[in-house]
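The stops below are given in the order in which to select them.

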Amino acid sequence: MRARAASLAAILAFAVSNAASAADRLYTAYNIWFEQPTKVYSTGYQKGNILPAGSEVKDVNRSKGKLEFTDPKLDMRFSVEFVDKHHPGLKKEQWIDRFLTTRDFAALSSGLTAAEINAIKAGQIQPGMSKKAVILAAGYPPEVATASTKLDTWKYWRHRFGSYVVQFSNGRVSKSEQ
């Protein structure tokens, strides 16, 4: 009887420790483009390679105006700089809180269609996608050009000098210049 109780206690302790470690895991909340992982901008320039939404991150360091982390699968260290002039009204802590999440890709993409999931993985915005799917595919549009994601027109940047617009109708992409 004591051996059985000890075994049960060990199993419960293991389950609790696994639940705690799973809760401590952090993931990217949306796709992040980068040319050099050592300098990624919060503006979300869509040029270069994609670090996919739901990528697990380790060694997270939040410092003044910067977020640093390692992607263990790519074995790369990323440094993301918060550009406050592109996010008026948003504090860097708020941006960091929406940049990283405790939800993996399966949880992030729950309820989306197969077509939306395929577009997200390709970093594309396609007609019919929901706002949730667009955020996973392209991130949040910089507040300097899109005051709220409740609006039906969002503006994104391809790079420093090129932008494009995504228009929504009834919460779905009706037109994208991507």
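**Stop 1: a tryptophan in a strand**

Select Trp157, which sits in strand β9, residues 153–159. Helices (H or I, at least four residues) and strands (E, at least two) are DSSP runs, numbered from the N terminus. This is a predicted model, in which local features need pLDDT of at least 70, side-chain atom pairs count only at pLDDT 80 or more, and totals for chains, interfaces and linings use all residues. Residues are numbered from 1 along each chain as its sequence is written, and side-chain values use heavy atoms, with hydrogens and water left out.

Is Trp157 buried or exposed? Trp157 counts as buried because its relative accessibility is 16%; the cut-offs are under 20% relative accessible area for buried, over 50% for exposed and partly exposed in between, with a 1.4 Å probe and protein chains only.

Now show the contacts of Trp157 (heavy atoms within 4.5 Å). Leaving aside residues up to four places away in sequence, Trp157 touches residues including Thr43, Tyr45, Pro142 and Ser163. Thr43 is 114 residues from Trp157 along the chain, yet their C-alpha atoms are 7.5 Å apart.

**Stop 2: the sheet**

Select β9, β10 and β11: these three strands form an open antiparallel sheet in the order β9-β10-β11. Each of β9 and β11 (172–176) has a single partner strand and stands at an edge, so one side of each lacks a neighbour in the sheet. Strands pair here if DSSP finds at least two bridges between them. Between β10 (residues 162–169) and β11 there are four bridges; Val166 has Ser176 in β11 as its bridge partner.
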